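I opened my notebook to look up a few features of one structure and to write down how each term is defined. The structure comes before my entries.

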Amino acid sequence: ALARTTVRSSVVAAESALAGIQQANRLICADAGSGMFVTLYYVGLEPRSRRLDCICAGHNPPLHLEARDLFVVELPSGGIPLGIEETGVFSEVHVELSPGDVILLYTDGVVDAESETGEFYGLLRLTEALKSSGLRSAEEIVEAIGSSVAAFAAGRVPFDDLTMVAVKYVG
């Protein structure tokens, strides 16, 4: 909760999202004496231009489903988690959305879900599940992928959280 508040207040007060993330990193580093760190994928939408501003700090990169051809692209990854290095370098990329496009953010628990045989759900299955449900609403996409992961895991209790957020641009 403290990291979330730090990131939000830093980004709002900064001249850019990138400057805000860099400031949040410095503040979290100052507080992270116990070796704690935070991964994050920052996504800000500029509605008029349909542009996403994306900054990765060691988190799984979101998936971008392009509605026109149901093609899935992994958004840029990289960066180190916040709280690791005060002078950490982060980069910002911009993605333009078209009507119907979907951005899927997820935690590693989704791709690391295991089957009865110990096989991971993985990025390929996640990509296919997004493609097959991508024409639905954002809520239905998350439900469909959640059902796919649950069926794959066949009742096995996940060892990590399974968190997903889908954003559908209806522009």
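Y121 lies in the loop between α3 (108-111) and α4 (122-133) and F152 in helix α5 (residues 138-153), so the pair ties together parts that are 31 residues apart in sequence. Helices (H or I, at least four residues) and strands (E, at least two) are DSSP runs, numbered from the N terminus.

**How I read the model**

I noted that this is a predicted model, in which local features need pLDDT of at least 70 and side-chain atom pairs count only at pLDDT 80 or more, while totals for chains, interfaces and linings use all residues. Residues are numbered from 1 along each chain as its sequence is written, and side-chain values use heavy atoms, with hydrogens and water left out.

I checked accessibility and found both Y121 and F152 buried (under 20% relative accessible area, with exposed over 50% and partly exposed in between, for a 1.4 Å probe and protein chains only). I then turned to T6, which lies in helix α1 and counts as buried because its relative accessibility is 13%. Leaving aside residues up to four places away in sequence, T6 touches A24, L27 and I28, where contact means heavy atoms within 4.5 Å.
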